Amino acid sequence: MSYAQWLQAAHDYDAVTGGDAWRDADPQDTEQAVAMRQSTAKLAQLRTASDAEGLVEALTEAVFRHLGEIRADEHYSGALAGPKRLLVDLQDELEASLLHLAHNPPAHIPRAGVLARFRRSQKVFGCSALLLSGGATWGFHHLGVVKALFDQGLLPKILSGASTGAMIAAGVCSRTTAELQQMYEETGDMRLDGLLPVGLRRAWRSGAWLDPERLHAVLKHNCGTWTFAEAQARSGRILNISVSPARTRQRSRLLNALTSPQVTIASAALASSALPALFPPVQLQARAPGGDVRAYMDGELWVDGSLHGDLPKNRLARLHNVNHFIVSQANPHAMPLVRHHGQRGLAPTLAGLVGSTARTQAVHAMDLARRASPTGTASQLADRAHGLVSQDYRGDINIHPPFSWSLYKKVVANPSREDLAHFIAQGERAVWPLIPKIAEQTRLGRTFAECIRILDTQ
């Protein structure tokens, strides 16, 4: 099944179940509906009259006045095929008015000034990012999530990944658009043999069960040998990878072209995937000005990014002005607790209540353990456990692959080609019901980018 087929089925379902009538009806908040309709009419009038100055003022007011409505769940919850039509009408007019201004700016303002205003407005408005969680083998679902968004032209420019999510994000952000399309058409070129047991003797000496050299070789094959700066320059996408410290007094890091431009993305993805007991801590690598690859922050070792920064929302907000987070969550320890979030009904509500209570108790227990632990290994283990249970594993839009307890059998295993195809298909289908919501909530951000492109190329 394709997304087009799914969408047609969604329209048919809405027609039978009353979803269409729900979309046509105004929101329950009458004042809200009146304000949205008034803004739509005012913008349309100014645009039709080519009143550029009036349109600038009206847009400045309307874009930020109605951001709450655009991102409110209540406008998306009653139908499968799309949100309230009143919201879509407003979005249509906001987009049309912004594009009209880009093509017909005020005559008394130089084009450079108009471009500067659009860039300021874009910064104030903020942007969206796609966050790919850890998840060991389950994380291959992220490939399907990215594919669904990419196929619909909705893949954000900014991606963040931890653990397996870092591997997927690195592969996506190191490829041009044409190369990314080819990757999905020819998945047979992707290496899937990254997990290689080292044997009991070596595992006893190293304290790790899997071979980091094998995973690093697979990552270089799948993601290339690019640095963060090189990957961003060739793809236009902004890659972010979380890594956690191997020692207690060091802080976790978010690696990207701003904070660590010369670090190689393969070594960063390797470090972000180095779950203790499975892989040894990793030394990051960076390319020197002469081209040689050397140790980065020599002496510091790093481990799995999910331990402290599965979804580094605060750092993404500070570094890239992100204020809208699309999360693909596949972590085995988080999925049972967060997969019911946003669902309606008694069963999801009870499951959410139980999960929230369990998380609160676990955070409290791990905090006590961390305070009581002496320095050394016990303190480090308590700190990592606290980091796992205290994180917020949700975003503004949450994508969860279908959950099954049987998946735990494959949580640390190389996927077969059949497994990979299955993970991609499930990841895609998990996104399809959310595409109307993602499209509308990211629409103005994409429109600002298009307006800037128009003004910058004229």
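Which residues form one aromatic cluster? Phe64, Phe118, Phe125 and Phe448 do.

## Basis of the values

This is a predicted model, in which local features need pLDDT of at least 70 and side-chain atom pairs count only at pLDDT 80 or more, while totals for chains, interfaces and linings use all residues. Residues are numbered from 1 along each chain as its sequence is written, and side-chain values use heavy atoms, with hydrogens and water left out.

## Aromatic pairs

Rings of Phe, Tyr and Trp (its six-membered ring) pair if their centres lie within 6.5 Å, and planes under 30 degrees apart count as stacked, over 60 as edge-to-face and the rest as tilted. By this rule there are five aromatic pairs. The ring centres of Tyr3 and Trp432 are 6.4 Å apart with the planes at 50 degrees, so this pair is tilted. Tyr3 lies in helix H1 (residues 3–17) and Trp432 in the loop between helix H20 (417–431) and helix H21 (435–441), 429 residues apart; helices here are DSSP runs (H or I, at least four residues), numbered from the N terminus. Both Tyr3 and Trp432 are buried, meaning under 20% relative accessible area with a 1.4 Å probe and protein chains only.

Phe118 and Phe448 form an edge-to-face pair, with 6.4 Å from centre to centre and 70 degrees between the planes. This pair links helix H7 (residues 111–125), which holds Phe118, to helix H22 (residues 443–457), which holds Phe448, across 330 residues. Phe118 counts as buried at 6% relative accessibility, and Phe448 counts as buried at 3%.

## Charges over rings

A charge sits over a ring if NZ of Lys or CZ of Arg is within 6 Å of the ring centre and within 35 degrees of the ring normal. The charged end of Arg71 sits over the ring of Phe125, 5.9 Å from its centre, and that of Lys84 sits over the ring of Trp22, 4.3 Å from its centre.

How values were computed
Helices (H or I, at least four residues) and strands (E, at least two) are DSSP runs, numbered from the N terminus. Buried means under 20% relative accessible area, exposed over 50%, partly exposed in between (1.4 Å probe, protein chains only).
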